[in-house]
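Subject: Structure for you to look at

Hello,

Here is the structure I said I would pass on. My notes on it follow below.

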Amino acid sequence: MAVKKFVVGNFDDEAVLFPAVKKVRAAGYKIHDVYTPFPVHGLDHALGLRETSLHTAGFIYGITGTTTALSFMSWIFTTDWPLNIGGKPHFPLPAFIPITFELTVLFSAVGMVMTFMYLCQMAPFVKKHIFHPRQTDDQFVMVIELTEKTPAADVKAFLDSVGAKEINEQTVEAGWWIGRFDREDKLFSKQVAVNA
């Protein structure tokens with residue numbers, strides 16, 4: 001996992017945070033993420049995030065469920081185990097509608113949940129760094145990634161000028177990793193064997 005440096009700025013009010021996000025983007029700094037205690041309308045557009053493609057994934061999963069249901073039932077009733085039930089046809093499409101609908105909804109729902117969890121990097125065993133202990137309680141937290149061309153002192157001064165109440169610099173592992181929140185994992189720790 002790559003170790004990156006971030007400057008973290010805390011804001012007390014969304015009325016200060018929203019213009020600050022626009023100013024930070026206009027200044028050319030790379031915003032890693034913004035954490036808010038409640039959804040802020042228009043923040044995704046201010047951050048420059050694109051529209052989600054989850055609805056397209058749901059459609060693809062639904063078509064997969066429909067195709068699976070119709071293919072499996074038609075294969076069973078025409079090829080694998082054809083039965084003559086009261087002179088009815090081997091491919092009774094109206095009788096297939098309930099099962100087809102159920103598999104369409106099942107594939108779409110389960111697939112969209114799994115895709116959402118993958119895109120948001122959420123799972124029971126996944127641990128992500130918490131930049132501020134109150135980042136989802138009552139504080140608005142903006143995290144700016146530092147690069148070679150971005151000195152930390154300039155970013156801190158800029159965040160102070162746009163209204164950040166608390167500013168600090170953190171070095172963390174970017175992304176997610178397998179870990180637990182009930183015990184502290186030490187960054188950069190190496191176990192040294194002691195010869196007795």
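Which residues of helix α5 (residues 152–161) are buried? In this predicted model, they are A152, V155 and L159. Looking down the axis of α5, these buried residues fall within an arc of 65 degrees, so they line one face of the helix. An α-helix has 3.6 residues a turn, so residues three or four places apart point the same way. The other side of α5 holds the exposed residues A153, D160 and S161.

After α5 comes G163, which has a positive phi, near 110 degrees.

L159 also belongs to the largest nonpolar core, which has 22 residues. Together with F11, V21, V34 and M142, L159 touches the most other members of that core. At least two core residues come from each of β1, α1, β2 (30–35), α2 (43–47), β4 and α5, and α1 gives the largest share, 4 residues. Apart from this core lies another, of 7 residues, including V8, Y35, V141 and V143. Beyond its neighbours within four places in sequence, L159 is in contact with V7, V8, G9, F11, V24, M142, I144, A164 and I167.

Elsewhere, helices α3 (residues 54–80) and α4 (residues 93–119) have axes that come within 7 Å and cross at roughly 145 degrees. This crossing is right-handed. The contact of α3 with α4 is made by 14 nonpolar and 12 polar residues, with no charged ones.

Regards

Notes:
Residues are numbered from 1 along each chain as its sequence is written. This is a predicted model: local features need pLDDT of at least 70, side-chain atom pairs count only at pLDDT 80 or more; totals for chains, interfaces and linings use all residues. Side-chain values use heavy atoms; hydrogens and water are left out. Buried means under 20% relative accessible area, exposed over 50%, partly exposed in between (1.4 Å probe, protein chains only). The arc is that of the directions from the helix axis to the C-beta atoms. Axes are lines fitted to C-alpha atoms, for helices over the stretch in contact, and angles run from 0 to 180 degrees between N-to-C directions. A crossing is left-handed if the near helix is turned anticlockwise from the far one by less than a right angle, and right-handed if clockwise. Ala, Val, Leu, Ile, Met, Phe, Trp, Tyr, Cys and Pro count as nonpolar, Asp, Glu, Lys and Arg as charged, and the others, Gly among them, as polar. A nonpolar core is a set of buried Ala, Val, Leu, Ile, Met, Phe, Trp, Tyr and Cys residues joined through side-chain atoms within 4.5 Å. Contact means heavy atoms within 4.5 Å.
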